[in-house]
Amino acid sequence: MSALAAFSDAARDARRAWHLRATLATAAFVVAAFAPLVFGDSRLADLAGGLYLAVAATGLAFAVGIGGVPSLAQGAFVAAGAVVSARLLQVGTPTIVAAPLGAVTGAATAAVVALLFVRLPRAGIAAATWIVAWLVAAALEALGWFLGGSEGLVVTAGPSPAGHYELALALTALAALGFAALARSALGLGLAAARDREAAAAACGIPVQRLRVTAFAVSGAAAGLAGALGVELAGIGDPSQYGPYLSFKLFVVVLVGGAVAPLGATAGVLVLGILSVAAEAIGSVENVAHARSHALLAAVMLLGVVSLGWDGIV
(Lines give C-alpha, C1' and ligand atoms only; values in the text may rest on other atoms or scores of the structure.)
Protein backbone atom coordinates (compact mmCIF):
# COMPACT_ATOMS: atom_id res chain seq x y z
CA MET A 1 0.00 0.00 0.00
CA SER A 2 2.86 2.39 0.78
CA ALA A 3 4.42 1.73 -2.65
CA LEU A 4 1.08 2.45 -4.32
CA ALA A 5 0.78 5.68 -2.36
CA ALA A 6 4.29 6.69 -3.42
CA PHE A 7 3.48 6.09 -7.09
CA SER A 8 0.26 8.05 -6.67
CA ASP A 9 2.12 10.99 -5.14
CA ALA A 10 4.70 10.90 -7.93
CA ALA A 11 1.98 10.90 -10.59
CA ARG A 12 0.27 13.82 -8.86
CA ASP A 13 3.52 15.80 -8.77
CA ALA A 14 4.13 15.06 -12.45
CA ARG A 15 0.65 16.32 -13.36
CA ARG A 16 1.22 19.51 -11.38
CA ALA A 17 4.58 20.11 -13.05
CA TRP A 18 3.16 19.51 -16.53
CA HIS A 19 2.25 22.70 -18.39
CA LEU A 20 1.35 23.94 -21.87
CA ARG A 21 4.98 24.41 -22.86
CA ALA A 22 5.72 20.76 -22.09
CA THR A 23 2.72 19.67 -24.15
CA LEU A 24 3.83 21.75 -27.12
CA ALA A 25 7.40 20.46 -26.86
CA THR A 26 6.23 16.85 -26.71
CA ALA A 27 3.98 17.37 -29.72
CA ALA A 28 6.86 18.97 -31.65
CA PHE A 29 9.16 16.01 -30.96
CA VAL A 30 6.45 13.53 -31.99
CA VAL A 31 5.84 15.35 -35.28
CA ALA A 32 9.59 15.67 -35.90
CA ALA A 33 10.00 11.90 -35.53
CA PHE A 34 8.14 11.44 -38.85
CA ALA A 35 10.57 13.62 -40.82
CA PRO A 36 12.23 10.58 -42.54
CA LEU A 37 8.90 9.99 -44.29
CA VAL A 38 9.12 13.45 -45.87
CA PHE A 39 12.78 14.35 -46.40
CA GLY A 40 15.59 12.69 -48.32
CA ASP A 41 18.94 11.55 -46.95
CA SER A 42 20.73 14.84 -47.65
CA ARG A 43 18.21 16.92 -45.73
CA LEU A 44 18.02 14.36 -42.90
CA ALA A 45 21.81 14.51 -42.55
CA ASP A 46 21.63 18.30 -42.19
CA LEU A 47 18.85 18.04 -39.61
CA ALA A 48 20.74 15.36 -37.66
CA GLY A 49 23.83 17.57 -37.61
CA GLY A 50 21.77 20.43 -36.20
CA LEU A 51 20.31 18.18 -33.51
CA TYR A 52 23.76 16.93 -32.48
CA LEU A 53 24.73 20.60 -32.20
CA ALA A 54 21.69 21.08 -29.94
CA VAL A 55 22.87 18.23 -27.68
CA ALA A 56 26.26 19.91 -27.25
CA ALA A 57 24.60 23.29 -26.68
CA THR A 58 22.27 21.85 -24.03
CA GLY A 59 25.28 20.55 -22.14
CA LEU A 60 26.90 23.97 -22.39
CA ALA A 61 23.69 25.62 -21.16
CA PHE A 62 23.90 23.63 -17.95
CA ALA A 63 27.37 25.03 -17.21
CA VAL A 64 26.56 28.56 -18.37
CA GLY A 65 22.96 28.93 -17.17
CA ILE A 66 22.72 26.81 -14.04
CA GLY A 67 26.39 26.96 -13.05
CA GLY A 68 27.02 30.53 -14.15
CA VAL A 69 30.38 29.50 -15.66
CA PRO A 70 31.06 31.15 -19.06
CA SER A 71 32.80 28.35 -20.97
CA LEU A 72 34.04 29.18 -24.47
CA ALA A 73 35.74 25.82 -25.08
CA GLN A 74 32.71 23.64 -25.82
CA GLY A 75 33.87 23.16 -29.39
CA ALA A 76 37.15 21.76 -28.09
CA PHE A 77 35.24 19.13 -26.10
CA VAL A 78 33.24 18.28 -29.22
CA ALA A 79 36.55 17.80 -31.01
CA ALA A 80 37.86 15.51 -28.26
CA GLY A 81 34.88 13.19 -28.67
CA ALA A 82 35.18 13.31 -32.45
CA VAL A 83 38.88 12.38 -32.43
CA VAL A 84 38.41 9.38 -30.16
CA SER A 85 35.33 8.14 -31.99
CA ALA A 86 36.89 8.55 -35.44
CA ARG A 87 39.95 6.56 -34.43
CA LEU A 88 37.85 3.83 -32.83
CA LEU A 89 35.52 3.59 -35.81
CA GLN A 90 38.48 3.21 -38.15
CA VAL A 91 39.55 0.01 -36.40
CA GLY A 92 36.05 -1.45 -36.53
CA THR A 93 34.66 -0.43 -33.14
CA PRO A 94 30.84 -0.33 -33.24
CA THR A 95 28.98 2.93 -32.72
CA ILE A 96 27.44 1.72 -29.48
CA VAL A 97 30.95 1.58 -28.00
CA ALA A 98 32.68 4.46 -29.80
CA ALA A 99 30.01 7.07 -29.00
CA PRO A 100 30.00 6.55 -25.20
CA LEU A 101 33.80 6.58 -25.17
CA GLY A 102 33.67 9.88 -27.04
CA ALA A 103 31.37 11.21 -24.32
CA VAL A 104 33.75 10.01 -21.60
CA THR A 105 36.66 11.70 -23.39
CA GLY A 106 34.73 14.96 -23.64
CA ALA A 107 33.83 14.82 -19.95
CA ALA A 108 37.42 14.07 -18.92
CA THR A 109 38.81 16.86 -21.09
CA ALA A 110 36.31 19.35 -19.71
CA ALA A 111 37.06 18.29 -16.13
CA VAL A 112 40.78 18.86 -16.67
CA VAL A 113 40.13 22.33 -18.11
CA ALA A 114 37.84 23.12 -15.17
CA LEU A 115 40.41 21.98 -12.61
CA LEU A 116 42.93 24.35 -14.20
CA PHE A 117 40.75 27.44 -14.52
CA VAL A 118 37.56 27.20 -12.45
CA ARG A 119 39.06 29.20 -9.58
CA LEU A 120 39.49 32.23 -11.82
CA PRO A 121 36.89 35.02 -11.89
CA ARG A 122 34.24 34.59 -14.57
CA ALA A 123 35.95 36.89 -17.05
CA GLY A 124 39.14 34.90 -16.54
CA ILE A 125 37.33 31.60 -17.14
CA ALA A 126 35.88 32.94 -20.38
CA ALA A 127 39.28 34.14 -21.58
CA ALA A 128 41.10 30.96 -20.55
CA THR A 129 38.58 28.61 -22.16
CA TRP A 130 38.61 30.70 -25.35
CA ILE A 131 42.39 30.23 -25.49
CA VAL A 132 41.87 26.48 -25.00
CA ALA A 133 39.53 26.45 -28.00
CA TRP A 134 42.23 28.07 -30.13
CA LEU A 135 44.94 25.74 -28.89
CA VAL A 136 42.88 22.63 -29.64
CA ALA A 137 42.04 23.93 -33.12
CA ALA A 138 45.72 24.62 -33.82
CA ALA A 139 46.70 21.15 -32.58
CA LEU A 140 44.14 19.47 -34.83
CA GLU A 141 45.44 21.37 -37.85
CA ALA A 142 49.15 20.94 -37.08
CA LEU A 143 49.26 17.36 -35.78
CA GLY A 144 47.93 15.16 -38.56
CA TRP A 145 47.64 12.09 -36.32
CA PHE A 146 44.50 13.44 -34.64
CA LEU A 147 42.15 13.89 -37.59
CA GLY A 148 44.36 13.39 -40.62
CA GLY A 149 45.57 16.99 -40.86
CA SER A 150 44.22 19.22 -43.63
CA GLU A 151 42.97 16.19 -45.60
CA GLY A 152 40.78 14.90 -42.79
CA LEU A 153 40.15 11.37 -41.56
CA VAL A 154 37.65 9.24 -43.47
CA VAL A 155 35.06 7.37 -41.36
CA THR A 156 33.00 4.73 -43.16
CA ALA A 157 30.68 3.25 -40.55
CA GLY A 158 27.51 3.94 -38.67
CA PRO A 159 23.77 4.25 -39.22
CA SER A 160 22.04 5.72 -42.25
CA PRO A 161 21.15 9.45 -42.30
CA ALA A 162 17.61 8.51 -41.22
CA GLY A 163 19.01 6.44 -38.35
CA HIS A 164 21.27 9.31 -37.31
CA TYR A 165 18.34 11.70 -37.42
CA GLU A 166 16.14 9.58 -35.17
CA LEU A 167 19.06 9.00 -32.79
CA ALA A 168 19.87 12.71 -32.70
CA LEU A 169 16.22 13.59 -32.04
CA ALA A 170 16.03 11.12 -29.16
CA LEU A 171 19.30 12.41 -27.68
CA THR A 172 18.07 16.00 -27.92
CA ALA A 173 14.97 15.08 -25.93
CA LEU A 174 17.03 13.13 -23.39
CA ALA A 175 19.47 16.03 -23.05
CA ALA A 176 16.58 18.39 -22.27
CA LEU A 177 15.13 15.97 -19.71
CA GLY A 178 18.57 15.49 -18.16
CA PHE A 179 19.00 19.27 -17.95
CA ALA A 180 15.66 19.62 -16.16
CA ALA A 181 16.45 16.79 -13.73
CA LEU A 182 19.94 18.07 -12.91
CA ALA A 183 18.70 21.64 -12.46
CA ARG A 184 16.35 20.41 -9.72
CA SER A 185 18.90 18.11 -8.10
CA ALA A 186 21.28 18.92 -5.27
CA LEU A 187 23.97 19.58 -7.91
CA GLY A 188 21.81 22.10 -9.77
CA LEU A 189 20.57 23.86 -6.64
CA GLY A 190 24.11 24.15 -5.29
CA LEU A 191 25.36 25.55 -8.61
CA ALA A 192 22.50 28.06 -8.77
CA ALA A 193 23.22 29.20 -5.22
CA ALA A 194 26.90 29.68 -6.03
CA ARG A 195 26.00 31.48 -9.25
CA ASP A 196 23.82 34.03 -7.45
CA ARG A 197 25.62 34.35 -4.09
CA GLU A 198 29.00 32.61 -4.22
CA ALA A 199 30.29 33.87 -0.87
CA ALA A 200 27.07 32.94 0.93
CA ALA A 201 27.00 29.51 -0.73
CA ALA A 202 30.58 28.82 0.35
CA ALA A 203 29.77 29.96 3.87
CA CYS A 204 26.90 27.46 3.96
CA GLY A 205 29.31 24.65 3.18
CA ILE A 206 28.51 24.20 -0.52
CA PRO A 207 31.62 22.87 -2.34
CA VAL A 208 31.48 25.51 -5.07
CA GLN A 209 34.63 24.55 -6.97
CA ARG A 210 33.81 20.84 -7.00
CA LEU A 211 30.29 21.49 -8.26
CA ARG A 212 31.59 23.69 -11.04
CA VAL A 213 34.08 21.05 -12.13
CA THR A 214 31.16 18.60 -12.23
CA ALA A 215 29.14 21.05 -14.33
CA PHE A 216 32.04 21.30 -16.78
CA ALA A 217 32.24 17.51 -16.94
CA VAL A 218 28.50 17.23 -17.66
CA SER A 219 28.76 19.79 -20.45
CA GLY A 220 31.85 18.04 -21.81
CA ALA A 221 30.08 14.67 -21.85
CA ALA A 222 27.27 16.11 -23.98
CA ALA A 223 29.81 17.76 -26.28
CA GLY A 224 31.91 14.60 -26.61
CA LEU A 225 28.85 12.51 -27.46
CA ALA A 226 27.75 15.04 -30.06
CA GLY A 227 31.24 15.09 -31.57
CA ALA A 228 31.49 11.30 -31.63
CA LEU A 229 28.21 10.88 -33.48
CA GLY A 230 28.65 13.99 -35.61
CA VAL A 231 31.94 12.83 -37.11
CA GLU A 232 30.33 9.50 -37.95
CA LEU A 233 27.43 11.29 -39.61
CA ALA A 234 29.76 13.50 -41.66
CA GLY A 235 31.85 10.52 -42.76
CA ILE A 236 35.08 12.50 -42.33
CA GLY A 237 36.91 14.10 -39.45
CA ASP A 238 37.68 17.57 -40.76
CA PRO A 239 39.83 19.66 -38.37
CA SER A 240 38.42 22.89 -39.81
CA GLN A 241 34.99 21.98 -38.38
CA TYR A 242 36.26 22.18 -34.80
CA GLY A 243 37.77 25.65 -34.79
CA PRO A 244 37.08 28.42 -32.25
CA TYR A 245 34.03 29.49 -34.25
CA LEU A 246 32.25 26.29 -33.17
CA SER A 247 32.71 27.21 -29.50
CA PHE A 248 31.56 30.74 -30.21
CA LYS A 249 28.49 29.51 -32.11
CA LEU A 250 27.49 27.15 -29.29
CA PHE A 251 27.80 29.96 -26.76
CA VAL A 252 25.68 32.24 -28.93
CA VAL A 253 22.83 29.74 -29.40
CA VAL A 254 22.72 29.17 -25.64
CA LEU A 255 22.31 32.89 -24.98
CA VAL A 256 19.80 33.33 -27.80
CA GLY A 257 17.63 30.35 -26.83
CA GLY A 258 17.86 30.73 -23.05
CA ALA A 259 20.55 29.41 -20.75
CA VAL A 260 18.31 28.28 -17.88
CA ALA A 261 15.61 26.44 -19.86
CA PRO A 262 15.88 22.74 -20.83
CA LEU A 263 14.93 23.46 -24.45
CA GLY A 264 16.57 26.87 -24.63
CA ALA A 265 19.67 25.65 -26.47
CA THR A 266 17.54 23.67 -28.93
CA ALA A 267 15.48 26.78 -29.63
CA GLY A 268 18.69 28.73 -30.20
CA VAL A 269 19.94 26.15 -32.70
CA LEU A 270 16.60 26.29 -34.51
CA VAL A 271 16.80 30.09 -34.77
CA LEU A 272 20.40 29.90 -35.96
CA GLY A 273 19.40 27.36 -38.60
CA ILE A 274 16.60 29.57 -39.89
CA LEU A 275 18.78 32.65 -39.97
CA SER A 276 21.59 30.70 -41.63
CA VAL A 277 19.37 30.29 -44.66
CA ALA A 278 19.03 34.06 -44.76
CA ALA A 279 22.78 34.45 -44.30
CA GLU A 280 23.45 32.16 -47.26
CA ALA A 281 21.04 34.14 -49.41
CA ILE A 282 22.63 37.44 -48.42
CA GLY A 283 26.10 35.99 -48.89
CA SER A 284 25.30 34.79 -52.39
CA VAL A 285 23.92 38.21 -53.36
CA GLU A 286 26.88 40.09 -51.91
CA ASN A 287 29.45 37.46 -52.97
CA VAL A 288 30.45 36.82 -49.36
CA ALA A 289 31.97 33.44 -48.48
CA HIS A 290 29.63 30.98 -46.78
CA ALA A 291 31.75 30.70 -43.62
CA ARG A 292 32.13 34.45 -43.31
CA SER A 293 28.41 35.12 -43.63
CA HIS A 294 27.68 32.61 -40.86
CA ALA A 295 30.34 34.10 -38.58
CA LEU A 296 28.96 37.58 -39.21
CA LEU A 297 25.45 36.36 -38.40
CA ALA A 298 26.54 34.78 -35.12
CA ALA A 299 28.40 37.95 -34.13
CA VAL A 300 25.35 40.11 -34.84
CA MET A 301 23.13 37.75 -32.82
CA LEU A 302 25.48 37.90 -29.83
CA LEU A 303 25.72 41.69 -30.06
CA GLY A 304 21.92 41.92 -30.03
CA VAL A 305 21.60 39.62 -27.01
CA VAL A 306 24.23 41.50 -25.01
CA SER A 307 23.00 44.99 -25.91
CA LEU A 308 19.34 44.25 -25.21
CA GLY A 309 19.98 42.25 -22.03
CA TRP A 310 17.71 39.52 -23.40
CA ASP A 311 17.16 36.35 -21.36
CA GLY A 312 16.51 34.16 -24.40
CA ILE A 313 13.56 32.77 -26.33
CA VAL A 314 12.55 30.12 -23.78
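Trainee: What makes the pair formed by the side chain of Thr-172 and the backbone oxygen of Ala-168 a polar contact?

Mentor: A polar atom of the Thr-172 side chain lies 2.8 Å from that oxygen. A polar contact is a pair of N or O atoms within 3.5 Å; within protein, one must be able to donate a hydrogen and the other to accept it, and residues adjacent in sequence count only if both atoms are side-chain atoms. Keep in mind that this is a predicted model, where local features need pLDDT of at least 70, side-chain atom pairs count only at pLDDT 80 or more, and totals for chains, interfaces and linings use all residues. Residues are numbered from 1 along each chain as its sequence is written, and side-chain values use heavy atoms, with hydrogens and water left out.

Trainee: Why is Thr-172 called buried?

Mentor: Its relative accessible area is 1%, and buried means under 20%, exposed over 50%, partly exposed in between (1.4 Å probe, protein chains only). Therefore Thr-172 counts as buried. You will find Thr-172 in helix 8, residues 161-184; helices (H or I, at least four residues) and strands (E, at least two) are DSSP runs, numbered from the N terminus.

Trainee: Which residues does Thr-172 touch, beyond its neighbours within four places in sequence?

Mentor: Phe-29, Leu-51, Ala-54, Val-55 and Thr-266 are in contact with Thr-172, where contact means heavy atoms within 4.5 Å.

Trainee: Why is Ala-139 called partly exposed?

Mentor: Ala-139, in helix 6 (residues 122-142), has 26% relative accessibility, so it falls between the two cut-offs.

Trainee: Which residues stand out in the largest nonpolar core?

Mentor: Of its 72 residues, Phe-77, Phe-216, Tyr-242 and Leu-250 touch the most other members. Helix 3 gives the most to this core, with 14 residues. A nonpolar core is a set of buried Ala, Val, Leu, Ile, Met, Phe, Trp, Tyr and Cys residues joined through side-chain atoms within 4.5 Å. Leaving aside neighbours within four places in sequence, Phe-77 has contacts that include Phe-216, Gly-106 and Val-113.

Trainee: How much of the whole chain counts as buried?

Mentor: Of the 314 residues, 46% do. The chain has 14 helices and two strands.
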